[in-house]
Amino acid sequence: MAVSFQTKYPLRPITNVSRTNRPSLLHVRVTCSATTTTTTKTQPNREKKLVVEKRFVSPPLSNDPTLKSTWTHRLWVAAGCTTLVASLAKSVIGGVGSHLWLEPALAGYAGYVLADLGSGVYHWAIDNYGDESTPLVGAQIEAFQGHHKWPWTITKRQFANNLHALARVITFTVLPLDLAFNDPVVHGFVSTFAFCIMFSQQFHAWAHGTKSKLPPLVVALQDMGVLVSRKQHGEHHRAPYNNNYCIVSGAWNKVLDESKAFEILEMVLFFKLGVRPRSWSEPNSEWTEETDLSSSQA
């Protein structure tokens, strides 16, 4: 049996490419097979080739249309905000009518605290499990993987573009609650929790912003720990990428990281289901941050 290989492109190591000068990612797909020759006349020769297909995937540019808001995005954000305002109004009006102030306020605070925890759990899950083919959340998983490669793009997204996916979820979740309940305590929790979840991507974007370019009020809230800080979230984008998942206030990050809560969950899932999280793998090019070339060249 004779074995031969043919290549469409020569395979050579890529060297001397600085990290800040790479305009795009190189994706290589290799199909490998062999030419087989036998002495039996009844079997024909089978010839296959080693083919290397090269394609480049560039990071989004600052003026990329995918970073712009559309009217559909704006309508979903408007719908989400409407359901939030309705829930908040029911909490306030119901509280005034029943002379309840403390209970709705405490419920609202609980919603704020649990929204931070919820954002961390969800962020951990889509960072570590599934892919673009996962039902319902595949697009978000793919987007978060891209975010690890090009974190700066979130600061280029327009407001409604950044929030519309969560606004859609909030609309379909909160609207039935608005119609079903009038309890001011329930709506104290719902309105605050839903507000923090819907706007968590904006808090996330601010955590990637430059201090001098952020509104002073946002910087003050970050410094007070009301919103997740730039320094704290910056730790999430450093190897091994397995900490500081919470993106509302970040208050739960220290608790979750020091208790190794996510590491325990990962072990349970691995031993029960045999699924490895991405954070266990050696950080590779898909998790290595690229520089914003458009900004560096400006």
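Leu 136 counts as exposed because its relative accessibility is 91% (exposed means over 50% relative accessible area, buried under 20% and partly exposed in between, with a 1.4 Å probe and protein chains only). The model is predicted, so local features need pLDDT of at least 70 and side-chain atom pairs count only at pLDDT 80 or more, while totals for chains, interfaces and linings use all residues. Residues are numbered from 1 along each chain as its sequence is written, and side-chain values use heavy atoms, leaving out hydrogens and water.

Leu 136 is not a glycine, yet has a positive phi of about 70°. Its place is in the loop between α2 and α3 (138-149) (helices being DSSP runs of H or I with at least four residues, numbered from the N terminus). Lys 260, also not a glycine, has a positive phi of about 55° and sits in the loop between α9 and α10 (261-273). With 44% relative accessibility, Lys 260 counts as partly exposed.

Turning to the packing, α2 (residues 102-128) and α9 (residues 251-258) meet at an angle of about 50°, with axes 9 Å apart. Val 113, Asp 116 and Leu 117 of α2 meet Ala 251, Trp 252 and Leu 256 of α9 (contact means heavy atoms within 4.5 Å).

Helix α5 (residues 184-198) has 15 residues and spans 21 Å from first to last C-alpha, close to the 21 Å expected at 1.5 Å a residue (1.5 Å times one less than the number of residues). Its buried residues, including His 187, Val 190 and Ile 197, pack against α1 (71-97), α2, α4 (159-180) and α6 (200-207).

Definitions and conventions:
Axes fitted to C-alpha atoms, helices over the stretch in contact; angles between N-to-C directions. Helix = DSSP H or I, 4+ residues; strand = E, 2+ residues; numbered from the N terminus.
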